[in-house]
Amino acid sequence: MAGILISMKISVNIPDDEVAFVDRAVAAGRYPSRSQAFSAAIKLWRKKELEASYERAFSESDPAWDAVVSDGLADEKQSW
């Protein structure tokens, strides 16, 4: 089933100025439809959320653990 996209039609209330912004982007050819424009916006939002999650996780890492898991690896010579 790889490559099959499942979509759902939903109804949302969007302020007029934001709809006009999307419509201008569609009219300029940046997106083929309003749906594609909103989908692109949501994908960007999800990407930013994921990046923020990774940044939080990285900032919470324990330097002592990092030292343990990499202990001695920098000193090893490649034999292959």
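A pocket here is an open set of grid points with protein on both sides within 12 Å along at least five of seven lines, and its lining residues have an atom within 4 Å of a point. With that in hand, take the second largest pocket. Its lining consists of Phe21, Val22, Ala25, Arg30, Tyr31, Ala37, Phe38, Ala40, Ala41 and Leu44. The model is a predicted one.

The second largest pocket holds about 180 Å³ of space. Which helices supply its lining? Helices H1 (16–27) and H2 each give at least two residues. H2 provides the largest share, five residues. Arg counts as charged, whereas Ala, Val, Leu, Phe and Tyr count as nonpolar. The charged residue in this lining is therefore Arg30.

Now move to the largest pocket. About 840 Å³ of space lies in it. Its lining runs to 18 residues. Met8, Ile10, Ser35, Phe38 and Ser39 lie nearest the centre. Helix H2, residues 34–59, again gives the most, here eight residues. By class, nine lining residues are nonpolar, five are polar and four are charged.

Together with Val12 they make a nonpolar patch of about 360 Å². Val12 sits in the segment before H1.

Next, the charged contacts. Side chains of opposite charge can pair when their charged atoms come close. How many salt bridges does the whole structure contain? The search finds two. In one of them, Arg34 pairs with Asp23, and the closest N and O atoms are 2.6 Å apart. This pair links distant parts of the chain: Arg34 belongs to helix H2 and Asp23 to helix H1, 11 residues apart.

Last, confidence. The protein chain has a mean pLDDT of 84, and 78% of its residues reach 70 or more. Which element scores highest, and which lowest? H1 has the highest mean, 98, while helix H3 (residues 63–69) has the lowest, 68. Where pLDDT is low, the predicted coordinates should not be read in detail.

Key
Residues are numbered from 1 along each chain as its sequence is written. This is a predicted model: local features need pLDDT of at least 70, side-chain atom pairs count only at pLDDT 80 or more; totals for chains, interfaces and linings use all residues. Side-chain values use heavy atoms; hydrogens and water are left out. On a 1 Å grid over the protein atoms alone, a cavity is a set of points where a 1.4 Å probe fits but cannot get out, and a pocket is an open set with protein on both sides within 12 Å along at least five of seven lines; lining residues have an atom within 4 Å of a point. Grid points are joined across faces, edges and corners, and a volume is the space filled by probe spheres set on the points. Helices (H or I, at least four residues) and strands (E, at least two) are DSSP runs, numbered from the N terminus. Patches are made of residues with over 30% relative accessible area and no salt bridge: like charges are joined within 9 Å, nonpolar side chains (Val, Leu, Ile, Met, Phe, Trp, Tyr) within 5 Å. Accessible areas come from the Shrake-Rupley method with a 1.4 Å probe; for residues, only the protein chains shown count as cover. A salt bridge is a side-chain nitrogen of Lys or Arg within 4 Å of a carboxyl oxygen of Asp or Glu. pLDDT is the predictor's confidence in each residue, from 0 to 100.
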